[in-house]
Amino acid sequence: MALRHALALDPIPADDPRSDFSGTIRSFDPADPIVRIGDLSAQRGDGVFESLGMVGRHAQEVSAHLERLTRSATLCDLPEPNLAQWREAIARIVVHAPGAGESVLKLILSRGIDGEETPTAWLTLADAPDNTAARRDGIRVATLDRGFASDMPSRAPWLLLGAKTLSYAVNMAAIREARRRGADDAVFVSSDGYVLEGPTASVILRQGGRYLTPEPAAGILHGTTQRSIFHHLRSAGAEVAYASITRDELLSAEAAWVVSSIRLAAPIVAIDGEEKERDTAVTASLNNYLLSPRD
Ligand code: PLP
């Protein structure tokens, strides 16, 4: 992804009442080094992040992403972000996006330099990859064992399962394994047989006319796109619910999607090599909605 712009942010405390953030946010050339070698994000993946979709110069669902950034920071014992400061940084970076088309805005909050106990943070703006084919033609998924049962988050909260941490090596390894199996992407299944999420996306299916998604408490990231889609479907009169979903229920669903902020809604067209019907009309209407400005 070609980076268009970058900002460094010196995080101030969440309860700092200032409204003038000058001196705490500065532009830098994305080609320049900005992260010091001792930064724990680079050394240990010790930090949290958010990826927001942008349509033209509008960043989608800023409040939902900032809320999740705060939740991830809290789960990781990082200082709570000052949301007014982050909003100001977002306002300063979005103007560098092209007036039309899609971009990716990343917010990154690291534990900072080893031994200094001062978090570091930065934002980047990049052109979005072309996701037309995934949205239109769908993707093939392989189900992969996540290696833990669905009660793991309550038994081992230190695994940070509900936080969007920078440690995505496992998620990327899962996508590579899915590709080795002839698929485009993975869907994780818990060791007790429940569908969880993709390595970078939430799962939604439709059964008996109802739209279902796995319970966030089962050790997954609560997706902003899934929440936005549920809100949209509910306002259109559809029934939506969080549920425990087995792999067999995913296989037999009327239709299923993986949904996320950048790729948006991609219909699942095959699961472990078994072809699946896709609902072209609903997919197109979901993506139309997701591409409209959302706050
Ligand atoms: N689950 C995981 C593990 C993710 O990494 C992501 C997005 O990156 C999602 C779900 C979907 O979240 P969102 O819709 O907020 O992009």
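A polar contact is taken here as a pair of N or O atoms within 3.5 Å; within protein, one must be able to donate a hydrogen and the other to accept it, and residues adjacent in sequence count only if both atoms are side-chain atoms. The model is predicted, with local features needing pLDDT of at least 70 and side-chain atom pairs counting only at pLDDT 80 or more, while totals for chains, interfaces and linings use all residues. Residues are numbered from 1 along each chain as its sequence is written, and side-chain values use heavy atoms, with hydrogens and water left out.

## The ligand and its shell

| Residue | Protein atom | Ligand atom | Distance |
|---|---|---|---|
| Y168 | polar side-chain atom | oxygen | 2.5 Å |
| E197 | polar side-chain atom | nitrogen | 2.8 Å |
| P199 | backbone N or O atom | oxygen | 3.5 Å |

Taken alone, the ligand exposes 390 Å², of which the protein buries 94% (accessible areas by the Shrake-Rupley method with a 1.4 Å probe; for residues, only the protein chains shown count as cover). Around the ligand there are 17 residues, and those that come nearest are K164, Y168, T224, T225 and S261 (near means that a heavy atom of the residue lies within 4 Å). Three elements, α2 (62–75), α7 (224–235) and β12 (255–260), each supply at least two residues of this shell (DSSP runs numbered from the N terminus, helices being H or I of at least four residues and strands E of at least two). By class, the shell has five nonpolar, nine polar and three charged residues.

## The largest pocket

The ligand takes up the space of the largest pocket, in which about 1200 Å³ of space lies. A pocket is an open set of points on a 1 Å grid over the protein atoms alone, with protein on both sides within 12 Å along at least five of seven lines, whereas a cavity is a set where a 1.4 Å probe fits but cannot get out; lining residues have an atom within 4 Å of a point. Of the 48 residues lining this pocket, F49, K164, Y168, P199 and T200 are the closest to its centre. The lining divides into 20 nonpolar, 16 polar and 12 charged residues, and α6 gives the most to it, with five residues.

## The cavities

The structure also holds three cavities of 30 Å³ or more, and about 60 Å³ of space lies in the largest cavity. Its lining comprises 13 residues, with G53, M54, E102, S261 and L264 nearest the centre. Here β3 gives the most, with three residues.

Methods:
A molecule sits in a cavity or pocket if more than half of its atoms lie within 2 Å of its grid points. Ala, Val, Leu, Ile, Met, Phe, Trp, Tyr, Cys and Pro count as nonpolar, Asp, Glu, Lys and Arg as charged, and the others, Gly among them, as polar. Grid points are joined across faces, edges and corners, and a volume is the space filled by probe spheres set on the points.
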